[in-house]
Amino acid sequence: MVIRDTVLLGDPRLREIADPIYDYEKELRPVLEDLKDTLTEHQRLYKMGRGLAAPQIGHNKRVVYVQTEAFTGYLVNPSIVYKSPETFDVWDSCFSMNAEFFVKIPRHRRIKIKYTDQFSEFHNDTFTDDLSELMQHEIDHLDGIVCSDHLTNMQNIAMRAEWEKRYRVKGVGM
Ligand SMILES: [Zn+2]
């Protein structure tokens, strides 16, 4: 079991464009276990969080791990091929912010993603609502984008304690 340190906002590594996985055997294997172990530990510690992207734990690779009741699995080399014009506002935060503050930002209601799983099997899936905003959050990390980059109104920021009191709803982006 390997728990990796989280790369925090302000660290330039969080802003890099991650590299695609070419060699599933050599490049992917070390990333898979680290993502799963670290997310599972974070979920225990923070009592929140549904996904983690490899760059957040220091692997500059295009791999995302999501662990929720509705969907658990790895997305390798994911690419969003469709975004619904309809958006919705979500309160989002991030392990790379230690979930110390939350931002209310717009996300696409429905997206379609092409990706492979860890066995290099191809998938083409549609995600809506909670899973849609989660996937957008995690895939953003592969392009050096964090949720606070999507703020359209700088007043839509809340510290965690205030968010817990006022706005907490089921599921946040992270
Ligand atoms: Zn994040």
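Colleague: What should I know about the model and its numbering?
Modeller: The model is predicted: local features need pLDDT of at least 70, side-chain atom pairs count only at pLDDT 80 or more, and totals for chains, interfaces and linings use all residues. Residues are numbered from 1 along each chain as its sequence is written.

Colleague: How do strands of a sheet pair?
Modeller: Through backbone hydrogen bonds, either parallel or antiparallel. Strands (E, at least two residues) and helices (H or I, at least four) are DSSP runs, numbered from the N terminus. Two strands pair if DSSP finds at least two bridges between them. Here, an open sheet of 3 strands has the order β4-β5-β8, with antiparallel pairing. β4 and β8 (157-159) are at the edges with a single partner strand each, so one side of each lacks a neighbour in the sheet.

Colleague: Which strands form a hairpin?
Modeller: β6 and β7 do, with 5 residues between them. S120 in that turn has a positive phi of about 65°.

Colleague: Is α2 mostly covered or uncovered?
Modeller: A residue is buried if 20 or more other C-beta atoms, placed from the backbone, lie within 10 Å of its own; 12 or fewer is exposed, and in between is partly exposed. In α2, 11 of 13 residues are buried, among them L131 and H137.

Colleague: Why does A99 count as partly exposed?
Modeller: Because A99 has 19 C-beta neighbours inside 10 Å. A99 is in the loop between β4 (87-92) and β5 (101-108).
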